[in-house]
Amino acid sequence: MDHDKKNTLEDIRKTQVFKASIQKVWNAVATAEGIAAWFMPNNFQPIAGYEFQLNAGPFGDSPCKVTEIDPPNRLSFKWGKDWTLTFELVDLEGDTQFTLIHSGWNADTVTEFGETHAIVRDRMSQGWGGISHKLRELVEA
């Protein structure tokens, strides 16, 4: 298959297994309180089409919009002008496989803060490692 040559960069994908029930992980990734505990302050609500803000500290508020919600297995939302975040959860008989997908990368695109996606993607890919560790600590506590 020939992909369109839009200089699309590969999605960031992070998959791990948590020793926690799918409902506990879902509550951590699909509620405002849960997301704030491991990621960023926000006013998220689990409603398709709902518009909310992620508070990125020094970067200010990022506009977001819920695009898909299928409890307790899948949540997707637009983040800022370019990105989509998707959380996929699979019940493994008491444990939960969690996949984070950060898509919408394009080598030619510049973020709201004037950096190219190519630069930001590498930083975010590493950043998600640390953020995912915080999520693990939260749900396995």
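**Notebook: ring cluster and hairpins**

I began with the aromatic rings. Ring pairs link Phe18, Trp38, Phe39, Phe44, Phe52, Phe77, Trp79, Trp83, Phe87, Phe98, Trp105 and Trp128 into a cluster. I note that this is a predicted model.

I looked up how many aromatic pairs there are, counting ring centres within 6.5 Å. The count comes to 12. Trp83 lies in strand S5, while Trp105 sits in the loop between S6 and helix H3 (117-140), so the pair ties together parts 22 residues apart in sequence.

Are these two buried or exposed? Trp83 is buried, with a relative accessible area of 11%. Trp105 is buried too, at 2%.

Next I followed the strand that holds Trp83. I checked S5 against S4. Strand S4 covers residues 74-79 and S5 covers residues 83-92. They run antiparallel, joined by six bridges. Arg74 stands opposite Glu88 in S5. The hairpin of S4 and S5 has three residues between the strands. There, Gly80 takes a positive phi near 65 degrees.

I then checked the other partner, S6. Nine bridges join S5 to S6 (residues 95-103), and these strands also run antiparallel. Thr84 stands opposite Ser103 in S6. Two residues lie between S5 and S6 in their hairpin. Glu93, in that turn, has a positive phi of about 50 degrees.

Methods: Residues numbered from 1 in each chain as written. Predicted model: local features only at pLDDT ≥ 70, side-chain atom pairs only at ≥ 80, totals over all residues. Heavy atoms only, no water. Pairing = 2+ DSSP bridges. Helix = DSSP H or I, 4+ residues; strand = E, 2+ residues; numbered from the N terminus. Phe/Tyr/Trp six-rings, centres within 6.5 Å; stacked < 30°, edge-to-face > 60°. Buried < 20%, exposed > 50% of the residue type's maximum accessible area, 1.4 Å probe, protein only.
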